[in-house]
Amino acid sequence: MPLRMVGTHTDIDERKSADALRFERDHAAAADLAKSQFLSRVSHELRTPLNAILGFSQLMELESTLSAQQRGWVLQVLSSGRHLLALMDDILDLSSVQTGQFPLHPVSNDLHATVHEARAMLGKAAQEADVTVHNHVPTGTSAWVRADAKRLQQIVSNLLSNAIKYNRRGGWVKVNAQREGPLVALSVSDSGQGLDATQMARLFNPFERVGAQRGPVAGTGLGLALTREFAQAMGGNVGVTSQVGVGSTFVVRLPAA
């Protein structure tokens with residue numbers, strides 16, 4: 001009786017490819033988590049000595065015996081220290097939202113009141129930049145959103161601050177809001193220099209300032225990255241349209257209250 005063998009053949013190339021992709025995805029996620037945790041720890045460790053530097057610099061500022069040159073040095077230390085402190089706060093927020101350790105307390109928020117508060121807070125900056133800010137957000141319930149109040153204030157302040165800083169002298173900023181189904185769209189338009197397609201593609205990347213780092217306007221390059229993360233964490237999104245030489249419009253959509 002002749003010997004017969006029975007077997008099966010299974011092509012596992014597809015499964016191997018899927019396993020490789022899963023490994024790469026998990027490896028990238030682990031690397032991102034490790035990076036975020038490292039940044040968070042470093043930021044925490046730096047806050048204590050930086051607060052001491054700022055505290056002693058403020059005491060030195062009060063000294064009546066300082067010369068004009070010495071006072072200028074102290075003010076430069078204070079300005080740089082506050083900029084670094086703001087950068088660390090932004091890094092902590094970004095690492096927290098990326099690692100999921102980001103507490104949110106959604107409540108009903110009046111967008112008109114939120115914009116009014118941010119406008120008042122940035123009034124001096126707008127005056128110095130010779131930029132007029134118009135709050136056209138309606139006062140009715142159509143402009144109420146459900147969001148974490150602190151993070152919503154950061155979103156509005158970030159967008160208004162950018163619209164003022166990157167504007168032109170004698171320019172304007174217009175803020176409006178309208179209902180779009182289950183969402184409310186908050187738009188911030190400016191008469192600034194505008195952005196091209198390449199700049200818009202990089203705009204929401206952390207530490208990306210699309211060339212502004214070579215200019216006189218101070219910034220960390222984290223404001224828009226945080227704005228996007230906050231909006232997505234609260235069930236919304238953010239987008240931008242722009243035209244070089246004309247201006248830009250940023251739109252944040254959040255769940256209606």
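**View 1. Strands 6 and 7 form a hairpin.** Two strands pair when DSSP finds at least two bridges between them, and helices (H or I, at least four residues) and strands (E, at least two) are DSSP runs numbered from the N terminus. The model shown here is predicted: local features need pLDDT of at least 70, side-chain atom pairs count only at pLDDT 80 or more, and totals for chains, interfaces and linings use all residues. Residues are numbered from 1 along each chain as its sequence is written, and side-chain values use heavy atoms, with hydrogens and water left out. In this close-up, strand 6 (residues 237-243) and strand 7 (residues 247-255) run antiparallel and are joined by seven bridges. Look for V240, which stands opposite F250 of strand 7. Three residues separate the two strands, and in the turn G245 has a positive phi of about 85°.

**View 2. R253 and E180 form a salt bridge.** A salt bridge is a side-chain nitrogen of Lys or Arg within 4 Å of a carboxyl oxygen of Asp or Glu. The closest N and O atoms of R253 and E180 are 2.7 Å apart. This pair ties together distant parts of the chain, with R253 in strand 7 and E180 in strand 4 (residues 172-180), 73 residues apart. A search of the whole structure finds one salt bridge. R253 counts as partly exposed because its relative accessible area is 24%, between the limits for buried (under 20%) and exposed (over 50%), computed with a 1.4 Å probe and protein chains only. E180, with 31%, is partly exposed too.

**View 3. The largest nonpolar core holds 44 residues.** Such a core is a set of buried Ala, Val, Leu, Ile, Met, Phe, Trp, Tyr and Cys residues joined through side-chain atoms within 4.5 Å. The members that touch the most others are L111, V137, L160, V173, V175, L186 and L254. Helix 5 (residues 149-165) gives the largest share, seven residues.

View 4. T114 counts as buried because its relative accessibility is 8%. Setting aside neighbours within four places in sequence, T114 is in contact with L152, Q153 and V156.

**View 5. V74 belongs to a second, separate core of seven residues.** Also among the members of this core are L50, L85 and M88. V74 sits in helix 2 (residues 68-98) and counts as buried because its relative accessibility is 6%. Its contacts beyond four places in sequence are S57, M60, E61 and L66. V74 and M60 are 14 residues apart in sequence, and their C-alpha atoms lie 7.1 Å apart.

**View 6. The whole protein has seven helices and seven strands.** Here is the setting for the close-ups. Along the sequence, the elements follow the pattern α-α-β-α-α-β-β-α-β-β-α-α-β-β. Of the 257 residues, 36% are buried. Among contacts between residues at least 6 apart in sequence, 72% join residues at least 24 apart.

Methods
Contact means heavy atoms within 4.5 Å.
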